[in-house]
Amino acid sequence: MAAAAREMETGPESQPEPEVFSVPKKRAKRKLEAGAGSMETERPRKRPEFPAVSGQQLLDGKHEFRIVAVPAHRYTPLKENWLKIFTPIVEHLQLQVRFNLKTRNVEIKTCKDTHDISSLTKAEDFVKAFVLGFQVEDALALIRLDDLFLETFDITDVKPLKGDHLSRAIGRIAGKGGKTKFTIENVTKTRIVLADSKIHILGSFQNIKMARTAICNLILGSPPSKVYGNIRAVASRAAERF
């Protein structure tokens, strides 16, 4: 009986209740107020100023190369316009350039007179634009201006066309005597090259977007008159915005 009474006393009902700990709210508020006051008293730090690094220091005595492959059908134009291509790269960008007769590539290299590291990329884009079929005068804008780009896409990327359907799409883009292509170029202030089913566009980002939209609509079958109206409306809106 005594053992049973002990078991009843030590049962779950007779166990002591666990203590509940609570964080005093007043202290927490005081800490938050103190932190806010210290944040208000902190002064904004000045950004560190570092001097500009020259291109020679970035290169660190090493020479960088760029190689642009030249297809067979562009050998003759490259030979005829070599002086126009050679002069701005060497005199203005302070780079070295040569045409490798064995590999059929245009090779561009930095030298000790190169001051701007971005000149190498500009020269590569300039030669690449000429190789794609642009005139030297148009490609030269890639050296003079910073916000010009090249974009290339295929007609079959927009719509999978074959045979006569592909030929008709190319004809719609070019127009009679190149009229449609010239109109898109003048309205969007871009330059367009049609090389078989490849389309190359040279211009600023916004203008390339307008020209690409117009060309895609022509590929999908829109009549040229409708495309003219659309690009003129978009161009006028863009002109008002700027």
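Predicted model: local features only at pLDDT ≥ 70, side-chain atom pairs only at ≥ 80, totals over all residues.
**Stop 1: the largest core.** Select Ile 85, Ile 89, Leu 95, Val 106, Ile 108, Phe 126 and Val 127. These residues have the most contacts inside the largest nonpolar core, which has 26 residues. At least two core residues come from each of helix H5 (82–92), strand S3 (105–109), helix H6 (119–132), helix H7 (136–139) and helix H8 (141–144). The biggest contribution is that of H6, with seven residues.

Leaving out residues up to four places away in sequence, Phe 126 touches Lys 84, Ile 85, Pro 88, Ile 89, Val 136, Ala 139, Leu 140, Leu 142 and Ile 143. Another core, of 18 residues, lies apart from the largest one; Ala 169, Ile 173, Ile 199 and Ala 214 are among its members.

**Stop 2: Arg 74.** Go to the loop between strand S1 (65–69) and helix H4 (75–80), where Arg 74 is found. Is Arg 74 buried or exposed? Arg 74 is buried, and it has no salt bridge. The nearest side chain of opposite charge belongs to Glu 80, 8.6 Å away. Beyond its neighbours within four places in sequence, Arg 74 is in contact with Phe 130, Val 131, Gly 133 and Phe 134.

**Stop 3: helix H10.** Select residues 164–174, which form H10, and colour Leu 166, Ala 169, Ile 173 and Ala 174, which are buried. Why do these four sit on the same side of H10? They do so because they cover an arc of only 135 degrees around the axis. Their cover includes helix H9 (155–158), helix H11 (179–188), strand S5 (191–195), strand S6 (198–203) and helix H12 (205–219). Just after H10, look at Gly 175, which has a positive phi of about 80 degrees.

**Stop 4: salt bridges.** The structure holds ten salt bridges. Select Arg 66, which is partly exposed, with a relative accessible area of 25%. Arg 66 pairs with Glu 64, their closest N and O atoms being 3.8 Å apart. Arg 66 also pairs with Glu 124, at 3.3 Å between the closest N and O atoms. Glu 124 lies in H6 and Arg 66 in S1, so this pair ties together parts 58 residues apart in sequence.

Next, select Arg 191 and Asp 138, a salt bridge whose closest N and O atoms are 3.5 Å apart. Arg 191 is in S5 and Asp 138 in H7, so this pair links parts 53 residues apart in sequence. To finish, select Glu 64, Arg 66, Glu 124 and Lys 128, which salt bridges with shared partners join into one network.

Notes: Residues numbered from 1 in each chain as written. Heavy atoms only, no water. Core = buried A, V, L, I, M, F, W, Y, C linked by side-chain atoms within 4.5 Å. Buried < 20%, exposed > 50% of the residue type's maximum accessible area, 1.4 Å probe, protein only. Contact = heavy atoms within 4.5 Å. Lys, Arg positive; Asp, Glu negative; His and termini not counted. Salt bridge = Lys/Arg side-chain N within 4 Å of Asp/Glu carboxyl O. Arc of directions from axis to C-beta.
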